Amino acid sequence: MAQWERLRQLSAVYWQQLHELYDRDGLPMDVRHYLSAWIEKQEWQRAARDNDFAMVLYQVLLQNLDIQHSRFVQEESFLQQHNIRRYKQSFQRYQDEPYVLASTIQWFLDKEKEILASAELSEQVQLLQVEQEAMETTCQQELQRKMAGLRNDVQCLEHAIICLEEQQDEFDFKFQTYKMEAVTDEAKKNERKKILQSLVNNLNDNRKSTLADLNKLLDRAEDLIDLLVRKELVDWQRRQQRSCIGAPDNVCLDQLEKWFTCVAMCLFQVREFLNKLDELVGKMTYENDPIKAQKPALNKRVYALLEDLLKSSFVVETQPSMPQGKGPLVLRTNVQFSVKTRLLVKFPELNHSMKVNVSMSRETPQIKGYRRFNVLGTATKDLNMAESLSGGMVADFRHLSLKEQKSGGSGKGISEISLSVTEELHIIYFNTVFELKGFSVELQASSLPVVIISNSSQQQSAWASILWFNMLSLDPKDIMFFATVPAAPWPQFGEMLSWQFLSATKRGLDDDQRKMIAHKLFGKQQNYDICQVTWSKFSKENGPETFWVWFDGILVMVKTYLENIWKEGLIMGFVSRGKEKLLLKKKKRGTFLLRFSESVVGGITFSWVEMDSAGEPDIKTVQPFTKTDLCQIPFHEIIRNFQILEAENVPESPLLFLYPDTPKDEAFGKWYNEKSGDENPYKKYIKTKLMFVSKENTLEARSPMSCDMTQGDCPEPMNGLYGEAAEQEDEPHLLQPQLETFQDPMLSSALEPLEDDGLLYPSFTDSDFIQPDPFLTDFNILAPSLLPAQTCGGIFQ
């Protein structure tokens with residue numbers, strides 16, 4: 001199938017990528033469409049190297065355009081005639097350098113192949129996910145089948161022991177009768193002995209058979225325990241780790257509880273069977289009795305299997321968390337937290353009979369400055385079925401707190417490894433004793449490592465540590481993880497970032513948003529999957545503003561003020577200035593998009609298309625809005641009422657269509673305040689908002705990024721309505737008197753650092769910023785006193 005036809009059959013997501021590709025100058029989509037068959041058959045790579053050959057293809061291309069134009073003339077398609085004529089004229093610029101056109105067309109064809117490859121990879125991933133789900137279902141079905149087989153073996157063994165007891169009773173009756181009759185006839189006596197001997201031989205064979213069946217049953221139980229403890233429970237623990245950092249994984253324990261309980265009940269029945277065999281041996285035994293020979297080993301094996309199962313069955317169902325914490329596993333001294341443990345082996349007779357004690361480990365790593373804590377509050381609770389919605393055996397601790405112990409002097413063997421407070425990992429332990437039907441074993445469960453802070457300012461950094469550990473560590477007890485902290489592969493890291501949005505707002509990051517973040521972290525790469533993010537780049541770089549501080553600022557802002565429009569997919573969010581311009585420059589006037597600020601932590605801005613005097617698109621950008629603004633005006637109301645003062649101070653809304661082409665009111669109307677116009681309660685506040693605006697459309701902001709056509713981030717001189725370049729102004733004293741004269745509730749946000757054209761975060765690139773633009777002397781603030789009475793006094797109306 002032709003490449004263009006394959007592209008046309010892709011889903012809307014990839015069609016959007018195709019539209020973005022052909023938003024570039026170079027090859028109009030109409031030409032690509034109408035000449036698709038011819039274009040795909042030509043050797044454009046050769047033409048890019050051979051100017052004479054390129055000239056031949058160039059001439060044929062123009063001839064094909066003439067032919068296509070003639071067709072539209074016959075069809076009386078006036079608009080298409082006009083477009084084809086315009087495209088042919090635009091191609092005239094390649095007359096002296098046709099190889100440039102050949103290179104451009106080849107570039108577009110290569111990008112199309114990348115889109116096709118991405119779509120095919122996505123299909124393969126979806127197929128693998130379906131296969132993975134099917135495989136998980138198959139594994140569970142296989143485990144259920146083995147579980148049913150174990151129960152069936154227990155029933156068969158129970159029947160075999162009953163038969164064995166009946167057979168032994170028959171022998172005992174005949175043997176006692178034989179002794180009482182005192183037969184003197186040797187022939188009859190020998191015949192009776194032969195019968196009794198035959199009964200003994202059969203009894204011996206049946207005892208051996210029963211013991212063999214018992215060993216097979218224990219083999220099956222051992223296999224099941226290995227599956228439950230070494231696979232299913234480990235998988236659940238890994239899912240719990242992921243769910244603690246936002247993954248939508250299933251961490252319900254009900255099914256595991258059924259499986260653990262089933263195996264435990266079967267093993268306790270086996271212990272009863274062994275006791276029954278003891279009774280039979282007590283009534284009758286003989287030389288080389290197989291029960292006497294094999295029973296000690298069987299008892300030992302059953303004990304080991306039960307111990308293995310039960311020690312693994314005591315788990316922490318809900319990890320420690322504070323009521324107002326950023327997430328689980330971050331605890332603060334002297335602040336109450338809750339945690340819930342669960343016993344997966346459910347015996348109703350044990351309800352309220354097992355006591356669970358909470359403690360911190362006394363054996364702490366020999367690290368200089370490593371803190372130690374005591375657990376305060378109700379540190380002992382019964383396992384019971386009343387505190388669980390599903391009726392499980394749980395101990396729900398709701399009023400625990402931690403207090404730091406007084407530090408002692410450094411002893412011998414203290415390591416010089418240095419960990420920050422938020423890199424210290426601590427484990428909380430839970431101990432109990434299982435006692436049932438003469439079987440006793442001590443059980444211990446442990447929490448995932450927690451980070452313990454002493455004040456709320458450490459919470460953001462502590463949560464970063466929890467994210468990093470549970471994203472990467474496969475050892476849930478590795479409290480020395482941050483001594484030699486590993487880097488995170490991009491696929492895992494990008495997925496973790498998406499989980500943060502998913503858990504906070506029910507909508508994660510899409511592929512384009514993750515790709516944009518990857519591009520900012522690693523620059524242009526052929527394959528981001530092989531890239532890695534270091535712990536220091538994520539949360540430990542020198543300076544207060546790390547990647548995590550920037551990302552978390554956006555997350556908090558979206559969760560607090562923008563959740564509704566984020567869930568609706570109205571915020572493009574993670575997009576650079578260069579990419580933004582490429583998306584907007586081919587759109588009609590009034591098209592706008594929403595993106596997160598690249599330099600203002602917790603800021604969101606929007607850019608829109610204006611037309612300059614020459615009819616060319618002019619992209620303008622508003623200064624970022626932060627919580628200072630959003631806590632007083634809903635963002636949709638800002639978008640609804642946003643106006644600028646055009647010529648002669650006539651207010652006009654520049655925001656008409658949300659990218660790509662959704663009317664503004666259609667996109668945001670469902671959240672508008674019912675009152676409009678001057679009755680809108682936000683109107684008066686909006687009128688007082690002072691914002692930066694250029695007096696003439698001459699302010700140019702340049703990006704420090706290098707031109708990257710393949711990534712769609714090719715920055716060009718841009719007329720900024722507010723220059724996110726304004727932060728580089730060389731004469732701030734010109735603005736200061738006006739700032740001091742006109743103070744208003746939102747003016748503080750206007751004084752925050754303005755948006756730049758750098759990479760996603762300033763510390764991610766070593767690029768030098770462009771020097772201040774000389775046109776910045778024209779940069780002013782419009783103030784109420786400078787405007788006619790009927791106007792708003794600022795960029796808002």
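**View A. In the contact of helix α9 with helix α12, residues R238, Q241 and C244 of α9 meet W463, F469, N470, M471 and L472 of α12.** Contact means that heavy atoms lie within 4.5 Å. The model is predicted: local features need pLDDT of at least 70, side-chain atom pairs count only at pLDDT 80 or more, and totals for chains, interfaces and linings use all residues. Residues are numbered from 1 along each chain as its sequence is written, and side-chain values use heavy atoms, with hydrogens and water left out. Helices (H or I, at least four residues) and strands (E, at least two) are DSSP runs, numbered from the N terminus. The axes of α9 and α12 come within 9 Å and cross at roughly 150°, which makes α9 roughly antiparallel to α12. Axes are lines fitted to C-alpha atoms, for helices over the stretch in contact, and angles run from 0 to 180 degrees between N-to-C directions. Angles under 35 degrees count as roughly parallel, over 145 as roughly antiparallel, 65 to 115 as roughly perpendicular and the rest as oblique. The crossing of α9 past α12 is left-handed; a crossing has this hand if the near helix is turned anticlockwise from the far one by less than a right angle, and is right-handed if clockwise. By class, 5 nonpolar, 2 polar and 1 charged residues make up the contact of α9 with α12. Ala, Val, Leu, Ile, Met, Phe, Trp, Tyr, Cys and Pro count as nonpolar, Asp, Glu, Lys and Arg as charged, and the others, Gly among them, as polar.

**View B. Helix α9 (residues 186–244) crosses helix α10 (residues 254–283) at roughly 155°, and their axes come within 11 Å.** The two helices α9 and α10 are therefore roughly antiparallel. Their crossing is left-handed. The residues in the contact of α9 with α10 comprise 21 nonpolar, no polar and 2 charged.

**View C. Helix α12 (residues 459–472) and helix α13 (residues 490–505) cross at roughly 130°, with axes that come within 11 Å.** This makes α12 oblique to α13. The crossing of α12 and α13 is right-handed. From α12, the residues W463, L467, W468, M471 and L472 meet Q492, F493, M496 and Q500 of α13. This contact of α12 with α13 divides into 7 nonpolar, 2 polar and no charged residues.

**View D. An open sheet of 4 strands has the order β1-β3-β7-β5, with antiparallel pairing.** At its edges stand β1 (314–321) and β5 (373–377), each with a single partner strand, so one side of each is left without a neighbour in the sheet. Neighbouring strands of this sheet are turned by 35° against each other on average, direction ignored. Two strands pair if DSSP finds at least two bridges between them. Between β1 and strand β3 (residues 337–343) there are 5 bridges, in the antiparallel sense. V315 has R342 in β3 as its bridge partner. Helix α11 (residues 290–313) packs on this sheet and touches β1 and β3, its direction making about 15° with that of β1.

**View E. Strand β8 (residues 428–436) runs antiparallel to strand β4 (residues 355–360), to which 4 bridges join it.** The bridge partner of M360 in β8 is I428. Strand β8 is also joined by 8 bridges to strand β9 (residues 439–446), and these two run antiparallel. In β9, S440 stands opposite E435. The hairpin of β8 and β9 has 2 residues between the strands, and K437 takes a positive phi near 50° there.

**View F. An open sheet of 5 strands has the order β15-β14-β13-β18-β19, with mixed pairing.** Its edge strands, β15 (617–621) and β19 (662–663), each pair on one side only. Strand β18 (residues 657–658) runs antiparallel to β19, with 2 bridges between them. L658 has T662 in β19 as its bridge partner. Helix α16 (residues 547–567) lies across β13 (591–596) and β14 (604–611), running at about 145° to β13. Helix α17 (residues 577–584) also packs on the sheet; it touches β13, β14 and β15, and its direction makes about 160° with that of β13.

**View G. Over residues 688–797, pLDDT stays under 50.** The pLDDT is the predictor's confidence in each residue, from 0 to 100. For residues 688–797 the model has 279 contacts beyond four places in sequence. Where pLDDT is low, the predicted coordinates should not be read in detail. The mean pLDDT of the protein is 79, and 80% of its residues reach 70 or more.
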